[in-house]
Each structure stands twice: as C-alpha cells, then as structure tokens.
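Work through the exercises below with the sequence and the model side by side. Try each task before reading its solution.

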Amino acid sequence: MSIVRQQSLFDMHELYDIEPTHRFNAIFSTINLEPVWTLFDKNTNVGAPRELNYGAMVYSLIARVVERIPTVKDLVKRLGNDPFFRYDCGFLHSDTVPSEVSYSRMIGLISESDAMVRVHDELLLLAIDEGYITEENIAIDATHFEARDRAWPSEKKEKPAPKKRGRKPKAEHEQWLKDKQVEEATRSIYEKEIVHQLSESVETLYTEAPIDPKWGIKKNSDGKNFSWFGYKAHLAVSTKSQYILAGLMTSGNLNDGKAAIPLLKKIEQDLPDLFTAGLFDACYDFKAVYQQAIDQNLQAVIPYNPRGEGEVIGYDAHFAPTCVLEHSYRYDSFDATYSTLKYTRPKECATCPLQHDSLCQKTYKIRQSVDIRKYTSPARGSKRWTELYKERTAVERVNAYLKEYFGLTNVRHRTGKKARLHFQLVTLVYNASRLATDRIRVEMKQQSLQAA
C-alpha cells in the first residue's frame, strides 16, 4: 500500500526561511518602483552625475522591513559589513555605502509624494490579473502604533462660561447662528460629521486626513482604557486572500468610523465590482457608512451599537418582528429589486393556538429604507449574517502580522509624513510577500503535478 502524502501548503512564514537571495528576488519581482525612480530623475544632462545609487537605496529600505532591521543606522552597518546583502539590494561593487544623512534626505523626498501609493496600487492590480484576488469580502479595522515624536501633554480645555437661562434675544440668536455657520465652514472634512464624507472625492479624503501624532485612547480586551501618543493604521483587507486592499494612516485621536468611507471609496475607485460584503465592528455603526456600502452594492455587516435608544416594542434584539406571544419571525430572503426584507412565521406557530387567528400574520415585509442601520442584507441575527461576520477576523490577523513581523510599531522617523511613508512601506512589503508566497505555492503545485 502506497503512502499518501498531504501536499505541503507554502506559507508566508516559509518564505522568510528560504535563502536570503531567493527571498529578496521573490519579493522584489512583485514591486515596480518606476513611480519612485521619477523622483530622482535629473531635469537636464548638464552637470555632475548623481553619486548615489537611489534605486538600490530604495530596495534596501524594503529589505530593511523584510530583514527586520530596527534602524537606518543598523541598515548602513549591515550594508558595509555584508557584501552579499549589499549586492542583493542592487548596489554595485563600485558604489559607496550611503550615509544615514543620505537616507534621511531620500526618505524626506519620497514622503512628500504619493509614489508609494501608486506602487502599492500597481501591485494589487498585478495580484488581481494573476488571479490571487477574486470575488470575496472586505474586512475593515484600525490598529494603533506609537510615534517617534516627543509626547506632549494634551491641551487642557478652559471651562465654558455658564449659559444664560431663558431664550436668547432675536439679534443675539441670529449672531449665534452666523458664528456657528462660519465655524462649521472652517472645519476640515474630518472635523465635520461623517455624512459630509459621502460627497467628497477620494483625493480630498486622503489629502485632508490628519497625520500629526496625537493622543489616542481606546479600550483593550479587558475593557480598560489605555492611551498612546501616535497614529492609527486603518486597513481594508480581503477576507480570503488577505491582501491589504487599501490603507490610511491618521492621527491617533481620529474616530475609527471616520476612516471607513475613505477606504470604501478608494476600493470603489481602484477595484470596482469585485467584492460583495463589507465587514466592520460596532464602532463603524454610522448611517453614512451603511449608505456608502449600499452605493457600492456591498452588504454591510456591522453589529448594532445602541446609542441611548430604548427597547422597540414588537421587535426582538435583531429588529425582527415578533408575534403576540413575542416569538421572533424568521428571516427568509431579501428582494434586491425593492430593497425589502421578508420574514416568515416563527417555528412556534406550528403548535400555537393563535395560528389561525387574525392577530397572527403569516409574513412580514420591511423595506430597508425604513432604517438602513437596523435592516441590513442579510438580516441581523440570520445564519448568513453570522457567517459573514466571522470572516472579519482576517483584518485582525493582518494587523498582528504588521506589528509582529513587519515592524509597524518600529517607527524611527519624526513627523507625520515620514511616519506615513513607514506605514506605506510596511503595507507594501506585506502585500509583496503575500504575492510572492502565492506565486511560489502555485509553482510548487505545478512541479508536484509534473512529478506525478
């Protein structure tokens, strides 16, 4: 009897166990750095040639993330002491090892542009063309990481003057309305309510995103508050292939829900009609987020976050209608033509003495427009809704990868722009490693089939 061997699944961890030269070649082959090269092109052929090999320097920054080299100082030392590593990064024998100052200047130049965003977008399109990203769902979540900048104490707000009792005079009320309109007009898009993001373009939402380090506060898994000084990384991840479809770095004090619409619009612009559902946690439970998902033909799967709302009589915890004996109607189907949810009789009706009574209604049909937060497709509490929400763990898994294996928390640059470049490099290397792993897995499968 022959031994049946289970086929080995090549994982991303195994990519980092192979020989460094092959690992670098596999990762570098997925990245087209042409948008970055244009930043260092000379406007004229007149004058002295460039003394630094900027192409190899950019590859060495990517290799720094791959090799988990903590600082640029350690990177320069590694380049000086390890000739094989230097050649793998693309340096020639005649090239001198760049100094820390040279790296700092280059990082500052790249951080002022959107070159890394364009490189990342091209890599995603390559993964789609090769069939590694197919029709699946999107999971969105945020994670925090600290800044390198000095943590300043938060500003203490002055106590407002006590309000006068009674109605304001007409002239004073009109002046108050004018002041409020002026104040609202001067606010940035992220200081306004989330609903204002629906009419803004992707470029505006990404350009105006606050990136200065700020104090942030959130609850941990134990339900206790903890604070940090730095940033938030907002990610949209494909649930099956686990590629980062879109990313946005913001200040640490930004509400998670205010980054959902920019990420969804970015996906709609670059990768339209490829996904079926958007999966979020309860902090994204805003009407505007549901509306953006509906506009993109996405099923919004978000746990309901009650905000001081009382119990709704005649409905259960999932907003399904209930009968006279308070048994919940069962979700049956969703009519996309009329955006209507259909509920059928509870199973308890089979033995209920009121099943033939006029008080017992056989079916309920509720339009989604009644309340797009409460009536989603699929309906809350249904088996399909639960199955979809379980896929949201994909984005939490990617967050852990970025922090533990790709150095997201190892920010060694000051200012928000350079920290954003660090975030872009980390997400780019993660996606490049994912694509390299998929390619190797397919190649190994083809070799095993040929051998058989």
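**Exercise 1.** Which residues in α2 meet which residues in α4?

Solution. The model is a predicted one, where local features need pLDDT of at least 70 and side-chain atom pairs count only at pLDDT 80 or more, while totals for chains, interfaces and linings use all residues. Residues are numbered from 1 along each chain as its sequence is written, and side-chain values use heavy atoms, with hydrogens and water left out.

Step 1. Find the two helices: α2 covers residues 20-28 and α4 covers residues 54-66. Helices (H or I, at least four residues) and strands (E, at least two) are DSSP runs, numbered from the N terminus.

Step 2. Look for contacts (heavy atoms within 4.5 Å). On the α2 side are R23, F24, I27 and F28; on the α4 side they meet Y59, I62, A63 and V66.

**Exercise 2.** At what angle do α2 and α4 pack, and how far apart are their axes?

Solution. Step 1. Two packed helices are described by the angle between their axes and the distance between the axes.

Step 2. The axes are lines fitted to C-alpha atoms, for helices over the stretch in contact, and angles run from 0 to 180 degrees between N-to-C directions. For α2 and α4 the angle is about 115° and the axes are 11 Å apart.

**Exercise 3.** Is H120 buried or exposed?

Solution. Step 1. Recall the classes: buried means under 20% relative accessible area, exposed over 50%, and partly exposed in between (1.4 Å probe, protein chains only).

Step 2. Locate H120 in helix α8, residues 115-129.

Step 3. H120 is buried because its relative accessible area is 10%.

Step 4. List its contacts, leaving aside neighbours within four places in sequence: H120 touches I244, L245, T427, L428 and N431.

**Exercise 4.** To which class does H173 belong, and how far is H173 from I211?

Solution. Step 1. H173 sits in helix α9, residues 170-186.

Step 2. With a relative accessible area of 36%, H173 is partly exposed.

Step 3. Between H173 and I211 there are 38 residues of separation in sequence and 37 Å in space, C-alpha to C-alpha.

**Exercise 5.** How many helices and strands are there in the protein, and what percentage of its residues is buried?

Solution. Step 1. The protein has 15 helices and 9 strands.

Step 2. Of its 452 residues, 44% are buried.

Step 3. Its C-alpha atoms fill a box of roughly 90 × 90 × 45 Å, taken along the principal axes.
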